[in-house]
Amino acid sequence: MTRGNEDSRRKRNRCFLYIAAGIILQTIIIVLFVVFVMRIKTPKVRLDSVAVDSLTANSSPSSPSFKVQINALVTVKNKNFGHYKFEGSKVTFSYKGTAVGEGTIAKAKAKAKRTKKINVTVSLNSNKVSSHSQLSSDLSSGNLTLTAYAKLDGKVHLFKVIKKKKSANLNCTVHVDTKAKVVHVLTCK
């Protein structure tokens, strides 16, 4: 009798041990899933490349001016396990804080763990630049420094159930060589 009770108690203890180990294993799996998969990161927006299609510049001290047609490749890098749907936005190019041109980023979706590439054509001109003292010297030196800014508002969708609002910012500096009519330096933060 005692031997039978002892065997039955061992089996019962072993069964409880297996149940406890299963619960602990499931808890670890759930915690790892939440920590690594469910963490929602802000997508990154950058200017991948900028090409000068046409450029005319007048560096005379009395009335300096420029007209530039550029083609920019904007990339939206989504590191999340769900897709990022963002609304249409504007990318603004400015010279010394004054807006000189604006392009449209169309409403789109960046798939999970992918990079969405968007072409943006922008016409820049110095009409709004109020006879800036440095514009003439920048144009004569052949180095026109522009900054680009855009804000993309959207939502990251995880498993079609969880939706989290995220805003991604583009902040880049573009150095245009007005003599060679090319972009020689492009840096993004």
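1. Burial is stated here by relative accessible area: a residue is buried under 20%, exposed over 50% and partly exposed in between, with a 1.4 Å probe and protein chains only. By that criterion glycine 101, with a relative accessible area of 12%, is buried. The structure is a predicted model, in which local features need pLDDT of at least 70 and side-chain atom pairs count only at pLDDT 80 or more, while totals for chains, interfaces and linings use all residues. Residues are numbered from 1 along each chain as its sequence is written, and side-chain values use heavy atoms, with hydrogens and water left out.

2. Domains. An automatic or database domain assignment supplies the bounds, dividing the chain into domain 1 (1-39) and domain 2 (40-188). Their C-alpha centres lie 56 Å apart. Domain 1 gives 5 residues to the contact and domain 2 gives 7 residues, where contact means heavy atoms within 4.5 Å. Cysteine 15 is partly exposed, at 41% relative accessibility.

3. Helices (H or I, at least four residues) and strands (E, at least two) are DSSP runs numbered from the N terminus, and two strands pair if DSSP finds at least two bridges between them. On these terms, an open sheet of 3 strands shows antiparallel pairing in the order 1-2-7. Strand 1 (44-58) and strand 7 (115-125) form the edges, each pairing on one side only. From one strand to the next, the twist averages 15°. Between strand 2 (residues 65-77) and strand 7 there are 11 bridges in the antiparallel sense, and lysine 67 stands opposite asparagine 125 in strand 7.

4. The helix on the sheet. Helix 2 (residues 133-141) lies across strand 1 and strand 2, and runs at about 80° to strand 2. For such angles, axes are lines fitted to C-alpha atoms, for helices over the stretch in contact, and the values run from 0 to 180 degrees between N-to-C directions.

5. Glycine 101. This residue belongs to strand 5 (residues 98-105). Leaving aside neighbours within four places in sequence, glycine 101 is in contact with Val91, Thr92, Phe93, Val122, Ser123 and Leu124. Alanine 180 is 79 residues from glycine 101 in sequence, and their C-alpha atoms are 21 Å apart in space.

6. Serine 89. Strand 4 (residues 89-95) contains serine 89, which counts as buried at 13% relative accessibility. Not counting residues up to four places away in sequence, serine 89 touches Gly103, Thr104, Ile105, Lys151 and Leu152. A polar atom of the serine 89 side chain lies 2.8 Å from the backbone oxygen of lysine 151.

7. The hairpin of strand 9 and strand 10. Strand 9 (residues 162-177) and strand 10 (residues 182-188) run antiparallel and are joined by 6 bridges. The hairpin has 4 residues between the strands, and lysine 181 takes a positive phi near 60°. Cysteine 172 has cysteine 188 in strand 10 as its bridge partner.

8. The disulfide. The structure holds 1 disulfide, a term used for a pair of cysteine sulfur atoms within 2.5 Å. The disulfide joins cysteine 172 to cysteine 188, with S to S 2.0 Å. The link is right-handed, with 105° about the S-S bond. Cysteine 172 lies in strand 9 and cysteine 188 in strand 10, so the pair ties together parts that are 16 residues apart in sequence. Cysteine 172 is buried at 1% relative accessibility, whereas cysteine 188 is partly exposed, with a relative accessible area of 28%.

How values were computed: Polar contact = N/O pair within 3.5 Å; in protein donor to acceptor, adjacent residues only side chain to side chain.
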